[in-house]
Amino acid sequence: MTSLLAQAETATDAVEALLEASRSTEVCGTEPSWVCERLLDWTGSEGLASASVWLVDKPLTVLIILILAVIARRILRRSIDHLVDRISSDKKSDEKTQAARTAEEGRAWDPERLAAKMALLRERTERAGQRAKTLGTLFKSIATTIVWAVAVMMLLGEFDVNLGPLIAGAGIIGVAVGFGAQSLVRDLLTGVFMLIEDQYGVGDVVDLGDAVGTIESVGLRTTRLRDISGTVWHVPNGAISRVGNMSQLWARVPLDIDVAYDTDLDFAMSVIKEVADEVWHEQGESTTVLEEPTVAGVQAFGADAVTIRIMVKTEASEQWATARLLRKRIKDAFDVAGIEIPFPQRTVWVRNGEPGETAPAAAAAFVRPVTPASSEAGGTESDSDGGDADL
């Protein structure tokens with residue numbers, strides 16, 4: 001009998017627990033909050049417990065979501081600011097190193113010219129810093145948009161808004177845009193990294209593969225440059241697989257000079273070195289040589305000449321003017337020193353016959369020029385290969 005009473009009491013307690021849970025679910029929802037359950041237990045008032053969901057529970061959840069969104073936004077913005085500061089500090093460190101080297105090399109320069117070079121270095125550093133700040137602003141805007149979009153979706157979920165169709169629609173649109181604008185996305189991402197790394201800027205002479213010229217503008221999607229013939233090229237950043245910048249920090253001129261095989265090579269190299277040293281000590285406005293030129297020696301044996309190479313280190317973007325000046329002065333110096341710059345020579349056959357002549361007559365119509373030496377020897381014809389014929 002006692003066991004039956006105990007079982008009945010247990011069954012009664014279980015039924016009461018089920019009824020209480022059903023009541024709590026009906027009043028406070030399938031996921032009842034602590035506040036609603038406590039009010040329902042303490043007061044037994046379903047209206048007060050139900051009102052607490054909208055007066056206490058929902059506002060508290062909204063407040064927590066907003067606080068977390070603000071904290072996440074602040075953390076992301078601080079991280080982006082730290083990244084921008086790091087990029088700027090790296091550029092400033094590079095500027096100090098380059099400025100120290102320029103000051104060391106420019107002791108003999110004109111003060112105005114040295115000041116112009118230092119100003120150019122500062123301008124490049126400021127350009128890199130401005131780019132980093134611009135990208136930092138862009139990244140912070142994107143991060144803020146993402147954080148608040150997630151917060152809004154969480155808030156809508158708290159108010160029992162069905163987000164399934166919204167998320168599905170956004171996914172479909174994202175897939176469509178991804179397939180249709182994947183080249184645009186690639187261009188933008190490539191442009192962002194180019195700006196962060198400061199691979200090139202306005203005024204730099206670059207080789208982008210299909211186009212070589214001077215940069216006129218740099219954007220997130222395209223780069224515009226003008227080649228030597230004046231053609232303007234618009235190159236999508238995503239299509240740039242490599243970048244050759246010929247205007248950063250310094251450049252080098254590998255200059256190959258041809259001399260005849262019977263030339264005294266040591267004498268020729270001394271003449272070339274003397275000319276290059278003159279250009280180095282002059283430090284022209286657009287022909288600045290940074291280091292003592294180096295004669296590398298004999299570079300190659302050609303069909304008509306021996307090639308001597310000289311290496312000259314110049315300021316950025318001044319390698320072409322320096323090479324042109326060196327070629328002119330080396331030619332003048334060779335003329336004074338009697339050093340011959342060889343050129344190919346050929347024997348020319350002149351045909352005097354008329355169309356329609358027979359083969360023997362046509363063959364006899366060819367006149368073969370002879371050198372003065374062969375004429376003095378009795379009109380003996382020159383060798384058929386004409387390698388030394390004087391035209």
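Student: Why are Lys 273 and Asp 277 in helix 7 said to be separated by about one helical turn?
Tutor: This is a predicted model, and in it Lys 273 and Asp 277 both belong to helix 7 and are 4 residues apart, which means that about one helical turn separates them.

Student: What makes the pair Lys 273 and Asp 277 a salt bridge?
Tutor: The criterion asks for a side-chain nitrogen of Lys or Arg within 4 Å of a carboxyl oxygen of Asp or Glu. Between Lys 273 and Asp 277 the N to O distance is 2.8 Å, so the pair meets that cut-off of 4 Å. Asp 277 has a relative accessibility of 17%, and because buried means under 20%, Asp 277 counts as buried.

Student: How do you know that the salt bridge between Arg 309 and Asp 256 ties together separate parts of the chain?
Tutor: The side chains of Arg 309 and Asp 256 meet at 2.7 Å, N to O. Arg 309 lies in strand 8 whereas Asp 256 lies in strand 6, so the pair ties together parts that are 53 residues apart in sequence.

Student: Are Arg 309 and Asp 256 buried, exposed or partly exposed?
Tutor: Arg 309 has a relative accessibility of 22% and Asp 256 one of 37%.

Student: Why is Thr 307 called buried, and what is Thr 307 in contact with?
Tutor: Thr 307 has a relative accessible area of 12%, which is under the 20% limit, and therefore Thr 307 is called buried. Thr 307 lies in strand 8, residues 306-315. Leaving aside neighbours within four places in sequence, the contacts of Thr 307 include Asp 256, Ile 257 and Asp 258, together with Gly 297 and Val 298.

Student: Which residues touch the most other members of the largest nonpolar core?
Tutor: That core has 22 residues, and those touching the most other members are Leu 255, Val 259, Ile 272, Leu 326, Ile 330 and Phe 334. Strand 6, helix 7, strand 8 and helix 8 each give two or more residues to this core, and helix 7 gives the most, with 7 residues. Beyond its neighbours within four places in sequence, Ile 330 is in contact with Leu 255, Ile 257, Ile 272 and Val 275. A second, separate core of 9 residues includes Tyr 200, Leu 208, Ile 215 and Ile 240.

Student: Why does one side of strand 4 and of strand 5 have no neighbour in the sheet?
Tutor: The open sheet has 5 strands in the order 4-3-2-1-5, with antiparallel pairing. Strand 4 (232-236) and strand 5 (244-245) stand at the edges with a single partner strand each, so one side of each is left without a neighbour in the sheet.

Student: How do you know that strand 2 and strand 3 are paired?
Tutor: Pairing requires at least two bridges, and 4 bridges join strand 2 (residues 212-218) to strand 3 (residues 222-226), so the two antiparallel strands qualify.

Student: Which helix gives the largest share of the nonpolar patch?
Tutor: Helix 4 does, with 5 residues. The patch covers about 630 Å², and among its residues are Leu 138, Ile 142 and Leu 184. Leu 184 is found in helix 6 and, at 38% relative accessibility, counts as partly exposed; because patch residues need over 30%, Leu 184 passes that cut-off.

Note on methods. Residues are numbered from 1 along each chain as its sequence is written. This is a predicted model: local features need pLDDT of at least 70, side-chain atom pairs count only at pLDDT 80 or more; totals for chains, interfaces and linings use all residues. Side-chain values use heavy atoms; hydrogens and water are left out. Buried means under 20% relative accessible area, exposed over 50%, partly exposed in between (1.4 Å probe, protein chains only). Contact means heavy atoms within 4.5 Å. A nonpolar core is a set of buried Ala, Val, Leu, Ile, Met, Phe, Trp, Tyr and Cys residues joined through side-chain atoms within 4.5 Å. Patches are made of residues with over 30% relative accessible area and no salt bridge: like charges are joined within 9 Å, nonpolar side chains (Val, Leu, Ile, Met, Phe, Trp, Tyr) within 5 Å. Accessible areas come from the Shrake-Rupley method with a 1.4 Å probe; for residues, only the protein chains shown count as cover.
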